[in-house]
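Please read them with the model open.

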Amino acid sequence: MAFSFAWADGGEDFVDRVDEDVFAFELSHLEGEFATLTMEIRNPRVGLLKPGRKRWCWLGKDGVALFHGRLVGIPTNIREEVVTLNFLARPPDFDARKKAVANGMRTAPYYDPLWIAAEMREDPDVVLEARPMLWHTDRVTHAVTASDLNAGEDGIIDLGGDIFADGISIAYKGPPARNVRIEATCQWTQVASGTVDISKDIARLFDSNKVRSLTSQGLMEDWPKEGDGIGAGWSFGPCRCEANVPAYGVQYYKTKTISGQYIKWPAITLVQSTSVSYEVERTLVETIAFDVMADTQEILTDVADEETITIALQSEDVDQPIDPGGLAPIRDVRRRSFFPTDRGLKSVSYLVALARAQLLSRARAVEITFETSLDHGLGLSCRNNVSIADPRLPGGAAIGKVAGYALYLNGDTGQSGSRIVMGCTIGKGSSVAPSIGDPVWAEGYVAPGYQKTDGGQIGFATSDVVYAPPAIVTDGYDGVDFYNMAPETVIAALSLYNDFGDQWQVVNLAWGSVTAASAGLARTPTQIDLTLKPLKGGPFQTDYRLTVQPLAVSKTIDLEAP
């Protein structure tokens, strides 16, 4: 093996030369951390950190770069002939690189600002909360990526049985989480305003739709004015009521008293336009609760010891401009519900993704440590999966994600090798697919996704989780539909008292005088009673449940093998 070590400046391309005599090295990398290089070299008897001196290094083999890092701290054993140096493969602009990657990962269903605190939304680490992933920094290129905890993006390295017989061990990292409980609450202010014309409804109360009365003058004078309060969120909108002109809008009717004196009663036909207005703000609350269980092999004999993880979230940003383009998740504050909407389903999917990430992270319950030759590990990274075969393993084989590794070489003893730790998931290897459901609007000629379906399910592209749309458990909404504010939906009761016919019966009674007859009519004025459905109140709370099928988890080691 021809190894090289060269001092370099930060950002300098790979240099294949020998600047120091290297006696031993260990190159190690753990998931979510930066690769490190520990080296023993001949003591150069100079200040390695003095200004102007190169502080970065390149480690290579046969002209291929293996590591690029920066010297960390002062060397140890400075009184000896051999000193130990430590290097770290952390790019100086790591934070900027991570942020750039995170900006492209703020996508549904794995990111939703609704459930993330405002001060945390720009934090790049937040994009991994609903993903079973860790940040990965390449030990050579310093490229920053997010790597799945179970499925390595750079493929599987099949070592078969090419491992050191005495260098393998298996450990159980604790029981997997079998159940995650999600309890989420969101609220917003429902805001609505508008005007409803009830003119025709009032006219229909009268005979032939003519607003006519023997007390029309008083009715006209008492007609509501714009802005008059009604209550429960209502007031009168633009209103008008006046006598019908010309004079033929007035008809006269005669009666006579007991003494034979005639009385002339004018019945004035009125022309009216009447509307009611509303302007309300109400608090709406929605809750959703559900469990996600993992389809994993048993690792405990006592199921009572299994852990349930509970995640509780709250948000008051449903009506705030937190979505791209300054949109609010509710989109239209007149809406009576959020979770069943297209945007609301994305928020529900994020909650499912949170539970999924927890379960998949904890499903990696078995850790296998083994050693193989140095050559096998030279191209290794924490973005790989490794496959090994050994009759001492359950099922005789295992595949696992690389959780960490160390490449080592000791020039004095001649020992070299690759020490690898891989995490194995103990699922049952199943997969799930959502049911399309039955079309509600049309059959045969409408593509999926363009029509509503009954009994359909939602699934992730990962084919491991499927759930039905939210179902209402308790509906505390009062039923007001601000998209359909029409007389027939807002009027609770509309009644007419003492119409022309009632008044005509009164004035035709046997009155002793004109004064008595007039007083009798005065006690029988035409009245209109209006009752509107109340708009005030709240908060109105609706509770939802979600039915989620057991999460399918990959089986990379078979603890139940015969």
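Predicted model: local features only at pLDDT ≥ 70, side-chain atom pairs only at ≥ 80, totals over all residues.

1. Aromatic pairs. The count of aromatic pairs comes to 17. One of them joins Phe5 and Trp7, with ring centres 5.4 Å apart and 85 degrees between the planes, an edge-to-face arrangement.

2. Edge-to-face would need an angle over 60 degrees. Trp7 belongs to strand E1 (residues 3–8) and Phe87 to strand E6 (residues 82–88), so the pair ties together parts that are 80 residues apart in sequence. Phe87 is buried, as is Trp7.

3. A ring cluster. Trp188, Phe338, Phe339 and Tyr544 are linked into a cluster by ring pairs.

4. Helix H4. This helix covers residues 342–362, 21 residues in all. From first C-alpha to last, H4 reaches 31 Å, close to the 30 Å expected at 1.5 Å a residue. H4 is mostly covered, with 15 of its 21 residues buried.

5. The cavity. How many cavities of 30 Å³ or more are there? The count comes to one. The largest cavity holds about 30 Å³ of space. Its lining consists of Glu31, Gly32, Leu134, Trp135, His136, Ser147, Cys382 and Lys401. By type, these lining residues divide into three nonpolar, three polar and two charged. Strand E7 (residues 133–137) gives the most to this lining, with three residues.

6. Asn385. Is Asn385 buried or exposed? With a relative accessible area of 7%, Asn385 is buried, because the limit for buried is under 20%. Asn385 lies in strand E21 (residues 385–389). Beyond its neighbours within four places in sequence, its contacts include Asn150, Ala151, Gly152, Ile399 and Lys401. Lys401 is also among the residues that line the largest cavity.

7. Lys210. This residue sits in the loop between helix H2 (199–203) and strand E12 (211–213). Not counting residues up to four places away in sequence, Lys210 touches Ala203 and Thr269. Lys210 and Gln187 are 23 residues apart in sequence, and their C-alpha atoms are 48 Å apart in space.

Terms used: Residues numbered from 1 in each chain as written. Heavy atoms only, no water. 1 Å grid on protein atoms, 1.4 Å probe; cavity = no way out; pocket = protein on both sides within 12 Å on 5 of 7 lines; lining within 4 Å. Points joined across faces, edges and corners; volume = space filled by probe spheres on them. Helix = DSSP H or I, 4+ residues; strand = E, 2+ residues; numbered from the N terminus. Nonpolar A, V, L, I, M, F, W, Y, C, P; charged D, E, K, R; others polar. Buried < 20%, exposed > 50% of the residue type's maximum accessible area, 1.4 Å probe, protein only. Contact = heavy atoms within 4.5 Å. Expected span 1.5 Å × (residues − 1). Phe/Tyr/Trp six-rings, centres within 6.5 Å; stacked < 30°, edge-to-face > 60°.
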